[in-house]
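Please work through the exercises below with the sequence and the structure at hand. Each task is followed by a solution in steps.

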Amino acid sequence: MALGVVKVATAEQLRKLVLPGTADLQTVRNACKDLRHAGLMESVGRTSSAGASGRPVRRDLWNLTTAGLAAAASELGRTVREIGGTAREAAKAGAAHALAVSDTIDAFRQSPPLPTKPVARRTTRPAPERVLPVRPRGLGHLRGWETEVALPVTGTFTSPARGSLRADAVLTAPEDQVPVLFVEVDNHTEPVAVVAAKIDRYRRFFRRQVKNDGGRDGALWSTLWDDSGRGGFPPVALVFTKDVGAQARMNRIKTIRDLSRTRWQPRWYKPHGWSPKDTEQDGWWDPRRHGPSHRHASRPATHPRSAWAGVVALRPQRMAADHRRAGQHRHQRGVPRPSGPAIPGA
């Protein structure tokens, strides 16, 4: 099931996602080999990373076969088309981005380590007591995640037209008050202008209207995902996975922020006759014109050894209660004007 969500992963990643309480990684490796023998999984690529000693360690990459894809779709209650392909070619190429997406899902998910029953052995010595790793509470369940989700700016979900995008990952976790969260993973391999352009395409997708069953216009995205009821568009999280140092990471965040500012910043409205002498409360901040507002940067709760660099969240600006009333567009006092996106170090 895990590979039906993340597409490509190492045995270590599968252990974190599914069996973080296992005492030995070999248990997961053996399970992968058994599934390969059954024709459901395969290993056609390898990845290399620095080990504890600093020397490169090569690890097998696992992905589903066509038969495994069908089995995962049945287990997840989705169609094979919804899950996507086997990611065989990505695995052959090392799947650097897919592995980062797998780490991203694990960081958000934080699967709780459950104790496993030790295998009985012919010995009189008692098994040593094992201390399970402590992980903070995460968001949602593995079934709530999807990867490589088509978001058509034009065209359809099954046949998106040119200019559309694919979300790296999408989380639905209503049990944690997260109706939907779109996630983009930045491996520091794309120019900042390309990353910023994705925010514009997200906005175009969120603004796309379709006729509902009653013949009225409604947002296309809301035909698949629930609305939070807070106004604005769904949140988008930009996840920066490469550890390039705090200053370089913040410089990249600020550059992307500045390049995309007109796409996420709401518009400040002032009443007729407003002058600089008036207070900042003499007006209102309307998110309906520019969609998601860049609210804050935060770091997800991760394992202490995680190589995560950080997360920047694009969240809908919450509208004042009075401004959710239909037809009200007049000046409201008591709603302070935000000074702009609050970013640590900005």
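This is a predicted model: local features need pLDDT of at least 70, side-chain atom pairs count only at pLDDT 80 or more; totals for chains, interfaces and linings use all residues.

**Exercise 1. Overall composition**

Determine how many helices and strands the protein has, and what share of its residues is buried.

Solution. Step 1: the secondary structure consists of ten helices and 13 strands. Step 2: of the 346 residues in the protein, 42% are buried. Step 3: the accessible surface amounts to about 19,500 Å², and carbon and sulfur atoms account for 51% of that surface. Step 4: among contacts between residues at least 6 apart in sequence, 63% join residues at least 24 apart.

**Exercise 2. An aromatic pair between a strand and a helix**

Classify the geometry of the ring pair formed by Phe 182 and Tyr 202, and decide whether each residue is buried or exposed.

Solution. Step 1: the search for aromatic pairs gives a count of ten. Step 2: in the pair of Phe 182 and Tyr 202, the ring centres are 5.9 Å apart and the planes make an angle of 70 degrees. Step 3: planes over 60 degrees apart count as edge-to-face, and the pair of Phe 182 and Tyr 202 is accordingly edge-to-face. Step 4: Phe 182 belongs to strand E6 (residues 178-186) and Tyr 202 to helix H8 (residues 192-207), so the pair links distant parts of the chain, 20 residues apart. Step 5: Phe 182 has a relative accessible area of 0% and is buried; Tyr 202, with 3%, is buried too.

**Exercise 3. A second pair and its cluster**

State which parts of the chain Phe 206 and Trp 221 tie together.

Solution. Step 1: Phe 206 and Trp 221 form an edge-to-face pair, with 6.4 Å between centres and 75 degrees between planes. Step 2: Phe 206 lies in helix H8, whereas Trp 221 lies in the loop between strand E8 (217-219) and strand E9 (236-240), so the pair ties together parts 15 residues apart in sequence. Step 3: both Phe 206 and Trp 221 are buried. Step 4: ring pairs join a cluster that includes Phe 182, Tyr 202, Phe 206 and Trp 221.

**Exercise 4. The nonpolar cores**

Identify which residues touch the most other members of the largest nonpolar core.

Solution. Step 1: this core has 34 residues, and those with the most contacts to other members are Leu 3, Leu 14, Ile 105, Trp 145 and Val 183. Step 2: beyond its neighbours within four places in sequence, Leu 14 is in contact with Ala 2, Leu 3, Ala 9, Leu 19, Val 28, Cys 32 and Met 41. Step 3: another core, of 16 residues, lies apart from the largest one; Leu 151, Val 180, Phe 206 and Phe 233 are among its members. Step 4: in soluble globular proteins, nonpolar side chains tend to be buried together.

**Exercise 5. Salt bridges**

Decide whether Asp 176 and Arg 137 are buried or exposed.

Solution. Step 1: the whole structure contains 14 salt bridges. Step 2: one of them joins Asp 176 to Arg 137, with the closest N and O atoms 2.7 Å apart. Step 3: the partners are 39 residues apart, with Asp 176 in the loop between strand E5 (165-173) and E6 and Arg 137 in the loop between helix H7 (96-109) and strand E4 (145-151). Step 4: Asp 176, at a relative accessible area of 13%, is buried, whereas Arg 137, at 68%, is exposed.

Note on methods: Residues are numbered from 1 along each chain as its sequence is written. Side-chain values use heavy atoms; hydrogens and water are left out. Rings of Phe, Tyr and Trp (its six-membered ring) pair if their centres lie within 6.5 Å; planes under 30 degrees apart count as stacked, over 60 as edge-to-face and the rest as tilted. Helices (H or I, at least four residues) and strands (E, at least two) are DSSP runs, numbered from the N terminus. Buried means under 20% relative accessible area, exposed over 50%, partly exposed in between (1.4 Å probe, protein chains only). A nonpolar core is a set of buried Ala, Val, Leu, Ile, Met, Phe, Trp, Tyr and Cys residues joined through side-chain atoms within 4.5 Å. Contact means heavy atoms within 4.5 Å. Accessible areas come from the Shrake-Rupley method with a 1.4 Å probe; for residues, only the protein chains shown count as cover. A salt bridge is a side-chain nitrogen of Lys or Arg within 4 Å of a carboxyl oxygen of Asp or Glu.
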